[in-house]
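Please examine the sequence and the model shown below.

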Amino acid sequence: MRDDHGLSEAAQLFKVLGNESRLRLLRLLGEAPRTVGELVTATGLSQPLVSQHLRSLKQAGLVTPDRRGQSVSYQLADDHVSHIVDDAVAHVQESDPTTAAD
């Protein structure tokens, strides 16, 4: 019998990642740490929505806050997070005939 340790946790991770806005936030944070205001500007999402998504990403252990005085910036928890997102995007692009090279 195969070892299924961690599958439940991985399934929960994929649930959190199953939102386009959260993926967009993770890609932006993969470029550089950013404040909520910077993420709002970059995405066009409302501040409450960005904050809600960041809360979900933080609870899943994907992002960490860095408080400096009254300013809080968010960054990826580790490099694995950006690899997961980049690999998923690369996978769908290679499977999509409209993005494949001729």
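This is a predicted model: local features need pLDDT of at least 70, side-chain atom pairs count only at pLDDT 80 or more; totals for chains, interfaces and linings use all residues.

**Charged pairs and the fold around them**

The side chains of Glu31 and Arg34 come together in a salt bridge, with 2.6 Å from N to O.

How many salt bridges does a search of the whole structure find? The search finds three. Another of them joins the side chains of Arg24 and Glu20, at 3.1 Å from N to O. These two residues lie four apart in helix 2, so about one helical turn separates them. Glu20 is exposed, at 59% relative accessibility, while Arg24 is partly exposed, with a relative accessible area of 34%. A further salt bridge links Asp66 and Arg68, whose closest N and O atoms are 3.2 Å apart. Here Asp66 counts as partly exposed, at 22% relative accessibility, and Arg68 is exposed, at 62%.

Not every arginine has such a partner, as Arg22 shows. Arg22 belongs to helix 2, which covers residues 20-31. Is Arg22 buried or exposed? Arg22 is buried, yet it has no salt bridge. The nearest side chain of opposite charge is that of Glu20, and it is 12 Å away. A salt bridge requires a side-chain nitrogen within 4 Å of a carboxyl oxygen. When neighbours within four places in sequence are left aside, Arg22 is in contact with Lys15, Val16, His53, Ser56 and Leu57.

Attention may now turn to the secondary structure. The protein chain contains five helices and three strands. Read along the sequence, these elements follow the pattern α-α-β-α-α-β-β-α.

The three strands form an open sheet, in the order 1-3-2, with antiparallel pairing. Its edges are strand 1 (34-35) and strand 2 (63-68), each of which pairs on one side only. In general, the strands of a sheet pair through backbone hydrogen bonds, in a parallel or an antiparallel manner. Between strand 2 and strand 3, the latter comprising residues 71-76, the antiparallel pairing extends over six bridges. Strand 2 and strand 3 form a hairpin with two residues between them. Within the turn, Gly69 has a positive phi of about 65 degrees.

Some values describe the chain as a whole. Along its principal axes, the C-alpha trace spans about 50 × 45 × 20 Å. Of the 102 residues in the protein chain, 25% are buried. The chain exposes about 7,200 Å², and carbon and sulfur atoms supply 50% of that area. Among contacts between residues at least 6 apart in sequence, 47% join residues at least 24 apart.

The protein chain has 10 positive and 14 negative side chains. The centres of these two sets lie 11 Å apart.

Conventions. Residues are numbered from 1 along each chain as its sequence is written. Side-chain values use heavy atoms; hydrogens and water are left out. Buried means under 20% relative accessible area, exposed over 50%, partly exposed in between (1.4 Å probe, protein chains only). Contact means heavy atoms within 4.5 Å. Accessible areas come from the Shrake-Rupley method with a 1.4 Å probe; for residues, only the protein chains shown count as cover. Lys and Arg count as positive and Asp and Glu as negative; His and the chain ends are not counted. The place of a charge is taken as NZ of Lys, CZ of Arg, CG of Asp or CD of Glu. Two strands pair if DSSP finds at least two bridges between them.
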